[in-house]
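Have the structure open as you read.

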Amino acid sequence: MAAVPGDHAVLMATLAQAPSRTDPAAPGTPHPPASVRHLGPNWYAAVMGTAIVANAGAALPLTAPGPRLVYQVVWALSALMLLTLLGARTVHWVRHGDQARRHLLDPAVAPFYGCLAMALLAVGGGTLAVGRDVIGVPAAVAVDAVLWTVGTLAGLVGAAAIPYLMVTRHRIEPGSASPVWLLPLVAPMVSAAVGPALVAHLPAGQGQRALLFGCYALFGMSLLATLLVLPLVLSRLIHHGPLPLALTPTLFLVLGPLGQSTTAVNNLADAAPGVVDPSTAHAMGAFAVLYGVPVMGFALLWLALATAMVVRAVRRGMGFSMTWWGFTFPLGTCVTGAAGLARHTGLGAFDWLAAALFAALVAAVAAAGARTANGLARGQLPAAPPPVTP
């Protein structure tokens with residue numbers, strides 16, 4: 001079976017909400033009017049992709065005031081995007097509850113609800129990492145604590161509810177495994193990576209240790225769930241061929257749990273001294289290196305494969321769609337993961353790797369952001385997806 005018609009049609013109709021070079025419509029064809037009715041949960045990926053630029057930049061070993069100011073501007077933009085999108089999605093649920101419920105029951109759309117939690121967590125982490133220079137440390141800690149708590153709870157609900165719906169309500173066709181399935185599963189890993197920054201701001205004692213080990217539990221929860229899904233994704237590619245052109249960028253989503261788990265173990269190791277006994281803190285530091293280096297190696301292998309598939313898709317006419325935001329957040333997690341390994345290994349090679357990946361991240365966000373802004377300005381986004389013939 002070269003492709004699964006139902007999976008192909010649903011995903012294309014949901015995600016490819018912008019014109020591409022492969023659209024059959026001629027130039028100048030009017031597009032359906034923009035409407036909040038068609039604003040799906042996948043739009044939170046734009047918030048994640050923007051916020052990770054500030055978070056990843058803050059992790060780089062650069063102390064110049066110029067970049068720091070840029071990161072603050074990007075963080076403020078991501079916070080504004082989050083507030084705007086939360087409001088728009090609330091309107092969507094109030095006015096178009098039928099469509100919102102349809103999204104939850106659609107196996108192609110439901111996994112994107114994991115993006116809500118990650119958007120909250122990414123903006124919260126950026127608030128403490130760079131926003132503290134703007135609003136002050138006490139306010140930044142308070143904002144991050146609220147967003148981390150709400151984002152973690154939302155992530156836990158999504159990590160359990162979406163697989164439940166997939167088992168009990170969704171109709172999953174054989175060979176339809178998608179990297180999108182990882183989205184609700186990686187949200188707890190984002191909590192594990194962002195949470196350690198709050199440890200130092202808690203009173204010494206049980207609270208700090210509970211948060212530290214709680215983040216390790218979130219790390220394990222997400223890691224083991226990811227290990228169950230990744231073989232399904234690779235099997236789908238090998239046995240059923242490449243993804244549809246518009247969905248090819250979603251291959252980068254596999255980098256998310258890889259880079260984020262590496263970031264998490266390194267951030268947890270940073271937070272451990274003074275919270276746990278020295279021998280345990282030393283073990284956590286060793287685990288960060290022994291786990292992070294091999295996983296980063298696999299992330300680079302997957303990056304090479306995914307990049308080759310994207311080049312292939314571009315040559316075959318892949319145009320812009322909202323799936324381009326799939327390039328951004330996963331790359332950012334690899335930047336923070338490489339920066340964490342640089343801290344714990346002392347190897348300059350990881351600093352250079354983080355810088356190179358950051359340059360790719362900035363280029364990806366600029367491309368996706370510009371095309372999205374253009375689509376919004378022209379009234380093409382968010383719009384009803386074009387009819388799709390299986």
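## Helix α9

A quick definition to start: helices here are DSSP runs of H or I, at least four residues in length, numbered from the N terminus. Keep in mind, too, that this is a predicted model.

Helix α9 takes in residues 206-240, which is 35 residues. From its first C-alpha to its last it reaches 51 Å, close to the 51 Å expected at 1.5 Å a residue. There's still a bend in α9, of about 25 degrees, at L227, and a proline, P231, follows within four residues.

## S222, a residue inside α9

S222 is part of helix α9. Is S222 buried or exposed? Its relative accessibility is 1%, so S222 counts as buried, the cut-off for that being under 20%. Setting aside neighbours within four places in sequence, S222 is in contact with L185, V186, P188 and M189.

## Where α3 meets α4

Helix α3 (residues 65-95) and helix α4 (residues 97-104) have axes that come within 5 Å and cross at roughly 105 degrees. That makes α3 roughly perpendicular to α4.

On the α3 side, the contact is made by R89, H92, W93 and R95; α4 brings G97, Q99, A100, R101, H103 and L104. Sorted by type, the residues of this contact are three nonpolar, four polar and three charged.

## A cis peptide bond

L381 and P382 are joined by a cis peptide bond, with omega about -15 degrees. To find P382, look in the segment after α13 (348-377).

Technical notes: Residues numbered from 1 in each chain as written. Predicted model: local features only at pLDDT ≥ 70, side-chain atom pairs only at ≥ 80, totals over all residues. Heavy atoms only, no water. Axes fitted to C-alpha atoms, helices over the stretch in contact; angles between N-to-C directions. Helix = DSSP H or I, 4+ residues; strand = E, 2+ residues; numbered from the N terminus. Parallel < 35°, antiparallel > 145°, perpendicular 65-115°, else oblique. Contact = heavy atoms within 4.5 Å. Nonpolar A, V, L, I, M, F, W, Y, C, P; charged D, E, K, R; others polar. Expected span 1.5 Å × (residues − 1). Bend = angle between axes of the 7 residues up to and from the residue. Buried < 20%, exposed > 50% of the residue type's maximum accessible area, 1.4 Å probe, protein only.
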